[in-house]
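Please read this report alongside the sequence and the 3D view. It goes through a few loops, helices and strands in turn.

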Amino acid sequence: MELNVDIQGIRTLIDQEAVRGSVKNVDDLHCRLSYRSGIESQLECVESEIRKLRRAAQQLPKLPPLSIVRWAQAVQLMPNLVFLELDTTGLYEDAEIIRAVVLDKDGVSLLDLYAQPSKPIAPSIEHFTGIDASHLAAHATRIEDVLAQLEATLKGKYVLSYNLDFDTGKLSEATARLNREPISIIGADMMHYATSYYAASTYLKLETVCQRIGSPLPQHPHQTALDRGKGQIALLNAMANAITDMKADPPDTDDDSSDLDEHPF
């Protein structure tokens, strides 16, 4: 249907009807009723086509908000920008930090320390973090030392983290257990911005958005905090360039994990 032709035709019919003025008699009324019924029928056809076009328009790929693109561009220019990643023994209040990673905006590691937990970590956590007991035995230090070095590294920095609330919560719990002052962090939550960027109704996993932007993370247990930190950098770069989706080959390794589906990463 050519809507421009139909609309002009309907306009002509309406103008012609307007010229006729008031009804002259009963016969004229019947004629006018039939004429206006034809106008209504054509209007319904046009409205039907418009509804189809509107549905098609609603199926178009969503455009990223320009405000978030500008935010990402501005944040990239910060000379003190860093990215934080923490590995923990779980998601709940008793979970302990077992690794802290801080990367600069170029992906260079400023801090990468392991902390010895008070009890053995669960197999599911080993699978998710890529950290096993032998690795901790060889590289882990006291949580007190990790927190002290982390605080020194983050001092004067603008911190991005995917689910910053989770990380600050775990840091607050760790410092509280040691009866020390909490670590002050100034920064932003990448998960919040990613959710708005993709107009998602629920929070998106970092793994999901990295796949969408063409920078897939390794599958567990080969995925580490370093990989997630670099994934954050890739996401910020994608946002700054208004990239939402690119094709990417899936990682080669299989991931059979199904018990950590609610984890934000």
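## The loop holding Asn 163

Asn 163 sits in the loop between S4 and helix H7 (164–177). Helices and strands here are DSSP runs, numbered from the N terminus: helices are H or I with at least four residues, and strands are E with at least two. Asn 163 has a positive phi of about 75°, although Asn 163 is not a glycine. Asn 163 is also buried, at a relative accessible area of 13%. Buried means under 20% relative accessible area, exposed means over 50%, and partly exposed lies in between, with a 1.4 Å probe and protein chains only.

Asn 163 and His 192 are 29 residues apart in sequence, and their C-alpha atoms are 7.5 Å apart in space.

## Basis of the model

This is a predicted model, in which local features need pLDDT of at least 70 and side-chain atom pairs count only at pLDDT 80 or more, while totals for chains, interfaces and linings use all residues. Residues are numbered from 1 along each chain as its sequence is written, and side-chain values use heavy atoms, with hydrogens and water left out.

## Helices H3 and H8

Two packed helices are described by the angle between their axes and the distance between the axes. For helix H3 (residues 66–76) and helix H8 (residues 190–197), the axes come within 9 Å and cross at roughly 145°. The axes are lines fitted to C-alpha atoms, for helices over the stretch in contact, and angles run from 0 to 180 degrees between N-to-C directions. The crossing of H3 with H8 is left-handed, a term used if the near helix is turned anticlockwise from the far one by less than a right angle; clockwise would be right-handed.

Which residues make the contact? On H3 they are Ile 68, Val 69 and Trp 71, and on H8 they are Met 190, Tyr 193, Ser 196 and Tyr 197. Contact means heavy atoms within 4.5 Å. By class, the contact of H3 with H8 has six nonpolar residues, one polar residue and no charged residues. Ala, Val, Leu, Ile, Met, Phe, Trp, Tyr, Cys and Pro count as nonpolar, Asp, Glu, Lys and Arg as charged, and the others, Gly among them, as polar.

## Buried faces of the two helices

The buried residues of H3 are Ile 68, Val 69, Trp 71, Ala 72 and Val 75. Seen down the axis of H3, these residues fall within an arc of 160°, so they line one face of the helix. The arc is that of the directions from the helix axis to the C-beta atoms. On the face of H3 turned away from the buried side are the exposed residues Leu 66 and Ser 67. The cover over the buried residues of H3 includes strand S1 (81–88), S4, S5, H8 and H10.

In H8, the buried residues are Met 190, Met 191, Ala 194, Thr 195 and Tyr 197. They span an arc of only 160° around the axis, which puts them on the same side of H8. Their cover includes H3, strand S4 (158–161), strand S5 (186–189) and helix H10 (225–240). Thr 195 of H8 has a relative accessible area of 10%. Leaving aside neighbours within four places in sequence, Thr 195 is in contact with Ala 200, Thr 202, Tyr 203 and Leu 204.

Phe 83 belongs to strand S1 and is buried, with a relative accessible area of 1%. Not counting residues up to four places away in sequence, Phe 83 touches a set of residues including Val 101, Leu 103, Leu 160, Ile 233 and Leu 236.

Val 159, in strand S4, counts as buried at 0% relative accessibility. Val 159 touches Val 82, Leu 84, Leu 154, Ile 185, Ile 186, Gly 187 and Ala 188, again not counting residues up to four places away in sequence.

## Two further loops

Ala 199 lies in the loop between H8 and H9. Its phi is near 50°, a positive value in a residue other than glycine.

Pro 221 is in the loop between helix H9 (206–212) and H10. The peptide bond from His 220 to Pro 221 is cis, with omega near 10°.
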